[in-house]
Amino acid sequence: MKLTILGGGGFRVPLVYGALLTDRGEGRVTDVVLHDLDDGRLRAVARVLAEQAAAVPDAPRVTATTDLDEALRGADFVFSAIRVGGLEGRADDERVALAEGVLGQETVGAGGIAYGLRTVPVAVDIARRAARLAPDAWVINFTNPAGLVTEAMSRHLGDRVIGICDSPVGLGRRIARVLGADPKQAWIDYVGLNHLGWVRGLRIAGRDELPRLLADPDLLGSFEEGKLFGVDWLQSLGAIPNEYLHYYYFNRETVRAYQQAEKTRGAFLADQQARFYEEMRDPGAAALAAWDRTRAEREATYMAENRESAGAGERDADDLSGGYEKVALALMRAIARDERTTLILNVRNQGALSVLDADAVIEVPCLVDSGGAHPVAVAPLPEHATGLVCAVKGVEREVLAAAGSGSRARAVKAFALHPLVDSVNVARRLVEGYTDVHPGLAYLK
Ligand code: G6P
Ligand code: MN
């Protein structure tokens, strides 16, 4: 079975390969094709993978190419994990937004729109090629902003593209753990858009245990979301929000924390990863050890400004490895081998959340089997959450319209309609600022 990884020179590819190495079952991946635009990055990552595979018999064969069509041809699965404009682009997305006093996060607010505008045209090109060259392949989208990018690709690939994120799984796991339950036995009632969802219940043997958590301030304050959002606010909401909702509910504080940080997240990661790829140019370097050190530092500092502004302290050791490679592997196995399972995924709504149309990509529990991911119908969200979800989906559609038409006015509209952009004038200046720094936005006329 052939798995193609787009963005194959990316820093998190060894996580995926490490997960593949644990899979000894019949029908597992035998061939991994790494695709990237940058040959040096491909060589660096291939060295890490070779060290990972050294002690493993029958490890999947790894090849690398800079030819996209060659990478796609004959693939059974395609993981799309690209970063248009690199981490420098991410840092620019942050800087331009923060200078305007609005959020510059890679998936939320102005930064997410800028990143989406740059990424959608590239993702659409990939989707078109995949539909032509590997029509039976399943495409698993890791690329952020994951919901928006998955929706863009779904217009060409239908339900053969599925978006993934590890945030909902991590959240469900933390809630189950504090309740003393086995996460595998829990049904997590979660719904929303990517990085914009809420856990409204957690059922174990048919019984909703979330009210027990919400009623217990000590338990509620003992894990990441409790520390980030505060016990009182979680009790008022009566639900546990995805960690990315911290940027909405505490927007003023998170913007200030990002403005005051020594480096933005994108700038920090750009420097950190430049060092890693530089180190890999030395043929004597211990590749796996260098990668692992860099990975550990990245995980420990994840959302550090949010935690600092909330006084939440360090991350729990148990939360450090996100596990999105596990979600990807579980999804691929369920489809390839009909190993039925339930996963929270980004798929076309098809009526699961009644307030949105059938083609809107949402993040929702899905039953997965060899026929793909089937979203489960969920109860409606309360009005405040419905409002946010609809507003942000409306923004995503403006981004898709801008990318499809090349209309600068549509891009301004996308920024202006976002709940975290507080003036049409700000939106206009953001489009100016972003088109000045990003060659990938030259298509906006
Ligand atoms: C979480 C999010 C992902 C994000 C990742 C890394 O897992 O769900 O969407 O890519 O964190 O974030 P970072 O800031 O380290 O790039
Ligand atoms: Mn994510």
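Ala, Val, Leu, Ile, Met, Phe, Trp, Tyr, Cys and Pro are counted here as nonpolar, Asp, Glu, Lys and Arg as charged, and the others, Gly among them, as polar. On that scheme, the lining of the second largest pocket divides into 11 nonpolar, 5 polar and 6 charged residues. The model is predicted, with local features needing pLDDT of at least 70 and side-chain atom pairs counting only at pLDDT 80 or more, while totals for chains, interfaces and linings use all residues. Residues are numbered from 1 along each chain as its sequence is written, ligands are numbered from 1 in the order in which they are written, and side-chain values use heavy atoms, with hydrogens and water left out.

Turning to the metal site, the manganese ion (ligand 2) is coordinated by Cys165 (SG) and His195 (NE2), at 2.3 to 2.4 Å. Donors are N, O and S atoms within 2.8 Å of the metal (3.2 Å for Na, K and Ca); water is not among the atoms, so sites may look incomplete. Cys165 has 7% relative accessibility and therefore counts as buried, a term that means under 20% relative accessible area, with exposed over 50% and partly exposed in between (1.4 Å probe, protein chains only). His195 is buried as well, with a relative accessible area of 4%.

Leaving aside neighbours within four places in sequence, Glu398 is in contact (heavy atoms within 4.5 Å) with Arg410, Lys413, Ala414 and Leu417.
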